[in-house]
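My notes follow the order in which I looked.

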Amino acid sequence: MVKQAISLLGAGSWGTALAMVLAENGHQVTLWTHRQNQADEINQEHTNAAYLKEVTLPKDIVATSDLEAAVKGAQVIGFVVPTNAIRGVAGQVADILRQADADAGMPLVFHAAKGLELETHERVSVILEESLKGLAIQGPVVLSGPSHAEEVARHDITGITAACQDLAAAEALQALFMNAYFRVYTNDDVVGVELGGALKNIIALCSGAIAGLGFGDNAKAILMTRGLAEITRLGVALGADPFTFAGLSGIGDLIVTCTSPFSRNWQAGYQIGQGKSVSEVLDHMGMIVEGVHTTKSAYELAQKVGIEMPITQTTYQVLYDHKDLRKLVEDLMKRQGKQEVGLDRLALEQSLAKQARLND
């Protein structure tokens, strides 16, 4: 494998875990953080204790709080900051790249954020395309799937998806990350992969909330199943392939996020279910809970395109209208009886036709 100079922008738990994978694969890894004390800890102690407890980082990971130093000369640039910080950081990166030497090459750009931007409701790849417009880059590629940073850091077996309409770019990212414990599949359905990663956070909040209320596995099963139906409905309306939601970035990510206390969305929901206020929970989490902002974006987006999402609506009412959670769950269960229908037939036919064209 050819050694690459890779810069990851964002030194939270996921950015740090990805840096570990890449460093262990033999690449030159720079990890950017906006906090100098965090960079000092990573460089001197080889730890990032606020995000990954009891984990020793490879000594050749270099951290910096200088964004220009991180980006200049990088062959690969990964955005691993929270969704609502993407536009600001990407704008700064664009300015740095415009001033770079003409022979600096075409960096491969990817992101590993899971959310929708507030106000615009845009997916992260769209934000990056807008912010980096006119620059010579490969991608952006989306890296998403069922992956707790804590488990990746201890080399637990993990499988995720690299998605890009340019499959060559997705395959290039796949090659950088693949090893004995970290497997990457490629996909060209960027819309589906991004929406699966973003919208499952809403269902994870609900999963934690019903656990906090004292409900068990039966409740979790109906929530996850009907949650997946909502995700698929909105995804198909926005141009996604319904089959994507049956993969790692869909049901795979939904399973891992809705069933584990490692998930900060599940943790936040659990505390809300136990009676804490939303503001109290967020003040004490210490990390961004993407599902909170994504709920607002998805709720507004669903209304705009005319898609029914009762679980998302209920979550919105808890988070933003401060309505009683237990009463809302009861109302959700008492909705008019309906026939359960699988994938929308028209969407399924369109997806099959697309696959047939690819196979010709």
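**Ground rules**

I am working with a predicted model, where local features need pLDDT of at least 70, side-chain atom pairs count only at pLDDT 80 or more, and totals for chains, interfaces and linings use all residues. Residues are numbered from 1 along each chain as its sequence is written, and side-chain values use heavy atoms, with hydrogens and water left out.

I take helices (H or I, at least four residues) and strands (E, at least two) as DSSP runs, numbered from the N terminus. Axes are lines fitted to C-alpha atoms, for helices over the stretch in contact, and angles run from 0 to 180 degrees between N-to-C directions.

**Helix pair α8 and α9**

I looked up α8 (190-213) against α9 (217-237). Their axes lie 10 Å apart, at an angle of about 155 degrees. α8 is therefore roughly antiparallel to α9. For that label, angles under 35 degrees count as roughly parallel, over 145 as roughly antiparallel, 65 to 115 as roughly perpendicular and the rest as oblique.

The crossing of α8 and α9 is right-handed. A crossing is left-handed if the near helix is turned anticlockwise from the far one by less than a right angle, and right-handed if clockwise.

I then listed contacts (heavy atoms within 4.5 Å). On the α8 side they include Leu195, Leu199, Ile203 and Ile210. On the α9 side they include Leu223, Met224, Ile231 and Leu234. By class, this contact has 10 nonpolar, 4 polar and 2 charged residues. Here Ala, Val, Leu, Ile, Met, Phe, Trp, Tyr, Cys and Pro count as nonpolar, Asp, Glu, Lys and Arg as charged, and the others, Gly among them, as polar.

**α14 and its two partners**

I took α13 (residues 290-305) with α14 (residues 310-320) next. Their axes come within 9 Å and cross at roughly 125 degrees. The two helices are therefore oblique to each other. Their crossing is left-handed. Tyr299 is among the α13 residues in the contact, and Tyr316 and Tyr320 are among those from α14. The class count for α13 with α14 is 6 nonpolar, 5 polar and 1 charged.

How do α14 and α15 pack? I found an angle of about 160 degrees, with the axes 10 Å apart. α14 and α15 are therefore roughly antiparallel, and their crossing is right-handed. Pro310, Ile311, Thr314, Gln317 and Val318 of α14 meet Leu325, Leu328 and Leu332 of α15. That contact divides into 6 nonpolar, 2 polar and no charged residues.

**Cavity**

On a 1 Å grid over the protein atoms alone, a cavity is a set of points where a 1.4 Å probe fits but cannot get out, and a pocket is an open set with protein on both sides within 12 Å along at least five of seven lines; lining residues have an atom within 4 Å of a point. Grid points are joined across faces, edges and corners, and a volume is the space filled by probe spheres set on the points.

The largest cavity has a volume of about 50 Å³. Its lining includes His111, Lys114, Arg123 and Glu194. α8 gives the most to this lining, with 4 residues. By class the lining has 5 nonpolar, 4 polar and 3 charged residues.

**Pockets**

The largest pocket holds about 1400 Å³ of space. Of its 48 lining residues, Arg226, Ala229, Glu230, Pro310 and Ile311 lie nearest the centre. α9 gives the most to that lining, with 13 residues. I count its classes as 28 nonpolar, 10 polar and 10 charged.

The second largest pocket holds about 1200 Å³. It is lined by 45 residues, and Gly12, Ser13, Trp14, Arg264 and Met287 lie nearest its centre. Its lining has 20 nonpolar, 16 polar and 9 charged residues.

**Backbone**

Most residues other than glycine have a negative phi, and most peptide bonds are trans. I noted two exceptions. Gly139 and Pro140 are joined by a cis peptide bond, with omega about 10 degrees. Pro140 lies in strand β6. His46, not a glycine, has a positive phi of about 60 degrees. I placed His46 in the loop between α2 (36-44) and β3 (62-64).
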